Amino acid sequence: MRALVRDGTPPVREVLVHAGAVPHLDSTAAAMLKELIAELHEGGVELALARATTGLMHDLQRNGIVALVGEDRFFDTVAAGVDDFLHRSQPRLG
């Protein structure tokens, strides 16, 4: 993911992760995810997650990751995440 973000043309502005197959997050994975979030933010890239399970959300909340990502960056479906990005990316008129 790091290489794709770094080398993306046009520049990557957001990464949407389909997290439906991730049931839980252990402390090692939480630490790695926090590091990735920090790297992405330093590069001006947002992280969003779609289809996070209840168990995963609990683990993300407990590890402070929901606060880092932002509660509004979690989506029920991938399509909802994409729609949100496209809506926010539209030029504002007026």
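Reply: Happy to! Let's begin with a term: two strands pair if DSSP finds at least two bridges between them. Helices (H or I, at least four residues) and strands (E, at least two) are DSSP runs, numbered from the N terminus. The model is a predicted one, in which local features need pLDDT of at least 70 and side-chain atom pairs count only at pLDDT 80 or more, while totals for chains, interfaces and linings use all residues. Residues are numbered from 1 along each chain as its sequence is written, and side-chain values use heavy atoms, with hydrogens and water left out.

Now the setting. Three strands form an open sheet in the order β1-β2-β3, with parallel pairing. The edges are taken by β1 (14-18) and β3 (74-75); each has a single partner strand, so one side of each is left without a neighbour in the sheet. Strand β2 (residues 46-50) pairs with β3 in the parallel sense over two bridges, and A50 has F75 as its bridge partner in β3.

The part I'd pick is helix α2. Its 16 residues reach 23 Å from first C-alpha to last, close to the 22 Å expected at 1.5 Å a residue (the expected span is 1.5 Å times one less than the number of residues). Buried here means under 20% relative accessible area, exposed over 50%, and partly exposed in between, with a 1.4 Å probe and protein chains only. In α2 the buried residues are A30, L33, L36, I37 and L40. Seen down the helix axis, they fall within an arc of 125 degrees, so they line one face of α2; the arc is that of the directions from the helix axis to the C-beta atoms. An α-helix has 3.6 residues a turn, so residues three or four places apart point the same way.

What do those buried residues meet? They pack against α1 (2-7), β1, β2, α3 and α4, where contact means heavy atoms within 4.5 Å. The face turned away from the buried side carries the exposed residues S27, T28, M32 and E42. E42 counts as exposed because its relative accessibility is 71%.

Finally, the core. A nonpolar core is a set of buried Ala, Val, Leu, Ile, Met, Phe, Trp, Tyr and Cys residues joined through side-chain atoms within 4.5 Å. The largest one has 18 residues, of which L33, L47, L60 and I65 touch the most other members. Its largest share, five residues, comes from α2.
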